[in-house]
Amino acid sequence: MAKVEFRNVRKSYGALQVIHGVDASVADGEFIVIVGPSGCGKSTLLRMVAGLEAITEGEIAIGDRVVNALEPKDRDIAMVFQNYALYPHMSVYDNMAYGLKIRGMSKTDIDERVKRAAGILELGPLLDRRPRQLSGGQRQRVAMGRAIVREPKVFLFDEPLSNLDAKLRVQMRFEIQKLHRQLGTTALYVTHDQVEAMTLAHRMIVMNAGRAEQVGTPMEVYDDPATRFVAGFIGSPSMNFLSGKGAGTGRVALAHGGIVRHANGQVDTGRDVVVGIRPEHLVECGAPDAMFSAVVELVEQLGADTLVHLRHGEDAAVVRQPHSRQREAGTTMHVTADPARVYLFDAGSGARIR
Amino acid sequence: MIENRPGLTLVTHAVLWGGVAVLAFPVWVTFVASTLTAEQVLAAPMPLLPGGRFFENYVEVLLHGAGNSEAPAWRMMVNSFVTAMVIAIGKIAISLLSAFAIVYFKFPFRMFFFWMIFVTLMLPVEVRILPTYKVVSDLALLDSYTGLTLPLIASATATFLFRQFFLTIPDELAEAARVDGAGPMRFFWDVVVPMSRTSVAALFVIQFIYGWNQYLWPLLVTTQESYYTVAIGIKRMIAGGGDAATEWHLVMATAMLAMVPPALVVILMQKWFVKGLVDTEK
Amino acid sequence: MEKRVVFRSWWLPYVLVAPQLAITIVFFFWPAGQAVWQSLLAQDPFGISVEFVGLENFANLVADEHYLASFQVTAVFSLLVAGVGMSVSLLLAVFADRAIRGAGLYKTLIIWPYAVAPVVAAILWLFLFNPTLGVVAHWMRALGMTWDPLLDSGDALALIVIAATWKQVSYNFLFFLAGLQSIPKSLIEAAAIDGAGPGRRFWTIVFPLLSPTTFFLLVVNIIHAFFDTFAIVDAATGGGPGQATEILVYKVYKDGFKALDLGGSAAQSVILMAIVIALTVVQFRYIERKVQY
């Protein structure tokens with residue numbers, strides 16, 4: 001087990017820089033999720049830890065060793081690939097044993113480790129099968145088994161659940177959590193799915209366009225997003241963004257009518273800002289108390305919740321209501337929110353205004 | 001099919017059996033001739049049902065050859081077999097290696113080498129016989145297994161086939177192997193080669209037949225009878241002049257012997273044969 | 001298509017390609033270069049004097065009526081082999097595609113001639129058509145036809161066409177069958193619902209959809225007839241009677257090895273190489289088109 005450190009890590013392909021200096025440190029035994037939209041550089045970052053991509057600039061350290069110059073096999077890591085990358089011509093047993101065999105481990109030790117991992121993952125009856133005879137979930141488990149038997153310092157997961165159907169994904173998410181509790185090995189986990197990130201992570205690194213926009217626990221990221229991108233990416237349905245201008249202490253005038261009260265102190269009057277309020281924090285109220293009023297465009301009943309889609313000039317907003325109230329499209333709805341739950345972002349840079 | 005007309009079905013099977021019969025007819029006649037005496041074959045028309053000399057004729061050619069050629073057929077069969085095996089295995093081996101290098105490494109001149117191999121696709125041995133013959137004779141490889149096989153071993157087709165196949169192997173497999181600690185050659189032996197089994201089998205069938213059936217090249221590089229392959233030997237058995245001088249019953253026995261091994265390979269390994277044909281022409 | 005770079009070594013890839021490159025250089029590029037160089041030289045048969053003559057060998061060839069005749073024979077021969085072979089194969093493939101019962105058996109029974117060596121194929125048919133003892137020749141005589149491939153050039157050409165076609169049928173058959181089986185059944189069913197009978201369906205739906213296969217086979221068959229038939233000609237007719245069946249490949253061999261006209265033979269080699277390259281380019285254009293489908 002070991003900590004992992006990123007020190008100003010950069011990656012370029014020729015003149016094109018795809019990772020712009022990531023700094024982060026992962027504590028021993030921590031489960032870190034790197035999350036972001038596709039193309040944000042999250043997989044590249046993980047592959048740099050694995051040694052599958054060269055590090056252009058900066059350092060990555062595993063434990064106390066800087067691993068920049070080390071081959072993957074010398075980094076003491078194990079990786080679970082998105083498409084599992086099981087050797088199709090080998091049995092489940094041989095797939096799991098292969099890395100140990102190459103390292104020259106004795107047959108009895110290999111057997112013991114493979115059997116133990118198979119026990120943990122309930123793969124015992126499948127050891128003689130070939131990968132193509134397994135279901136998606138079983139293949140996924142074998143891929144994890146192959147990583148476990150190595151007893152590495154760090155586990156690397158590259159979108160391991162994205163090839164599974166929704167139901168299996170939830171189940172495997174649970175199993176990965178259980179496994180991590182059992183083994184306690186440091187883990188880096190890449191995903192584009194914010195629900196996976198929220199549920200699995202001790203802490204998460206939210207990436208966008210080659211930058212780590214925020215590093216923090218799921219609740220920190222949810223409650224206190226550092227940028228407009230993070231605020232919009234985490235949470236479902238995503239945060240509502242409404243354009244406005246500063247209008248004195250604790251007040252922002254919306255571009256399409258209405259005044260939002262907030263708890264962020266002084267914003268220069270006339271400064272362009274973006275107001276962010278999560279759908280679950282918008283509440284319906286009477287016209288006199290409303291921060292703004294808007295036309296109901298569409299109502300989606302989700303059972304427990306109802307999503308009311310509002311049109312507010314050029315902006316749109318969603319209100320999440322806990323229980324369904326009859327709402328007709330075309331009617332007007334008045335909404336407000338707790339000023340403490342109102343976030344402000346710079347209209348240009350997207351940086352949080354506090 | 002959509003129509004269920006019994007008449008059409010009957011025609012279908014009639015046409016197919018007709019085709020099969022026409023294709024098989026020459027071989028049947030050959031087989032019959034190989035079981036007759038010389039006189040029976042010369043009696044025009046010869047009978048179309050097998051005679052009683054099957055054993056004698058085949059023993060005769062296998063042990064003593066026929067006509068002008070003193071080389072016994074067993075010797076020619078051995079030569080053909082060796083030639084075919086060396087060509088098939090050699091081609092597969094060097095093509096696996098070069099395709100692996102071209103797909104899994106980036107190195108200076110990679111594309112140049114690739115095109116060098118590619119161009120050979122356009123130069124069948126037939127169009128450059130004389131200079132190739134000269135090279136082989138300068139290297140003192142005439143009348144040797146090396147001379148018979150080596151010039152036919154380079155094969156753009158096989159290299160291409162393997163390259164295409166390797167490109168379909170997911171990148172993650174190589175990466176997983178790297179993480180598992182396998183170097184390039186270990187990955188080659190433990191993963192790439194076992195995964196290429198069906199391609200190898202398909203190519204083997206095609207190349208074995210190609211090697212067994214070579215004619216022009218062995219014709220040029222072999223002068224000693226001990227190096228004759230069946231394809232060459234059988235031609236030498238036919239007397240240049242009159243028909244009477246040719247021992248047709250023995251020639252036909254040799255023809256059967258020449259046909260059986262590759263035909264067996266095709267029929268027994270039909271699945272790979274079809275795959276090989278289709279893949280190599282892509 | 002490129003792989004992500006996975007392995008790094010400055011020497012290993014060179015070692016891996018070395019065997020193939022060595023053979024390619026020694027037995028392909030060196031001889032091909034020699035052929036080009038030789039084609040520009042004139043040498044007497046005993047190798048005593050060598051003289052650089054530029055394109056004279058090519059000029060001689062173009063002016064040589066034997067060479068032009070050989071070209072013509074090759075063209076007629078190739079077109080006949082391709083035409084007859086493909087028609088027969090298509091017929092068999094269409095019916096094999098129809099046959100629900102026994103399709104696998106028919107396939108096995110039709111593909112084996114591919115395994116027969118061209119020289120053996122030639123000898124088989126030579127034997128059947130031998131004017132004095134051939135079974136088929138006997139039947140033809142009984143029907144009142146005259147037949148002597150040793151004397152009649154048309155008969156000789158027919159003999160090698162039959163032998164070459166017989167050997168190629170299985171190859172064409174396999175590709176046509178694969179082509180037919182790849183046509184979606186729903187298209188045929190749609191045409192049937194539109195009221196087209198089997199014959200009409202074949203000509204208006206199946207045949208047009210087969211055209212990529214047909215074109216591909218045409219090129220392959222022509223290449224086959226050009227180059228793979230040396231053994232058939234050598235064994236069945238020896239280029240005779242006269243030069244009636246002397247196809248280009250055979251003439252390269254005869255002029256080079258029998259007549260020892262090295263420059264002329266080399267010039268012919270160069271022309272043949274040009275033809276193969278042209279045909280290969282055509283074939284690759286076809287592949288490119290196929291990829292776009």
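**Group meeting talk: rings, contacts and a buried serine**

Hello everyone. Between chain B and chain C the count is 0 salt bridges, where a salt bridge is a side-chain nitrogen of Lys or Arg within 4 Å of a carboxyl oxygen of Asp or Glu. What we have here is a predicted model, in which local features need pLDDT of at least 70, side-chain atom pairs count only at pLDDT 80 or more, and totals for chains, interfaces and linings use all residues. Residues are numbered from 1 along each chain as its sequence is written, chains are lettered from A and ligands numbered from 1 in the order in which they are written, and side-chain values use heavy atoms, with hydrogens and water left out.

Let's stay with those two chains. In chain B, 115 residues are in contact with 101 residues of chain C; contact means heavy atoms within 4.5 Å. Together they bury about 10000 Å², with 78% of it on carbon and sulfur atoms. That buried area is the accessible area (1.4 Å probe) that two parts lose on being put together, summed over both.

Now to the rings. Over all chains, the structure holds 52 aromatic pairs. Rings of Phe, Tyr and Trp (its six-membered ring) pair if their centres lie within 6.5 Å; planes under 30 degrees apart count as stacked, over 60 as edge-to-face and the rest as tilted. Take Phe31(A) and Tyr189(A): their ring centres are 5.7 Å apart and their planes at 40 degrees, so this pair is tilted. Both residues, Phe31(A) and Tyr189(A), are buried, meaning under 20% relative accessible area, with exposed over 50% and partly exposed in between (1.4 Å probe, protein chains only).

How are the planes of Phe100(B) and Phe105(B) arranged? They stand at 85 degrees, with ring centres 6.0 Å apart, so the pair is edge-to-face. Phe100(B) and Phe105(B) are both buried. Ring pairs also link them into a cluster whose members include Trp189(B) and Phe7(C).

The charged end of Arg278(A) is over the ring of Tyr222(A), 4.1 Å from its centre; the cut-offs are NZ of Lys or CZ of Arg within 6 Å of the ring centre and within 35 degrees of the ring normal.

Last stop: is Ser91(A) buried or exposed? Ser91(A) is buried, at a relative accessible area of 12%. Leaving aside neighbours within four places in sequence, Ser91(A) is in contact with Leu127(A), Asp128(A), Arg129(A) and Arg130(A).
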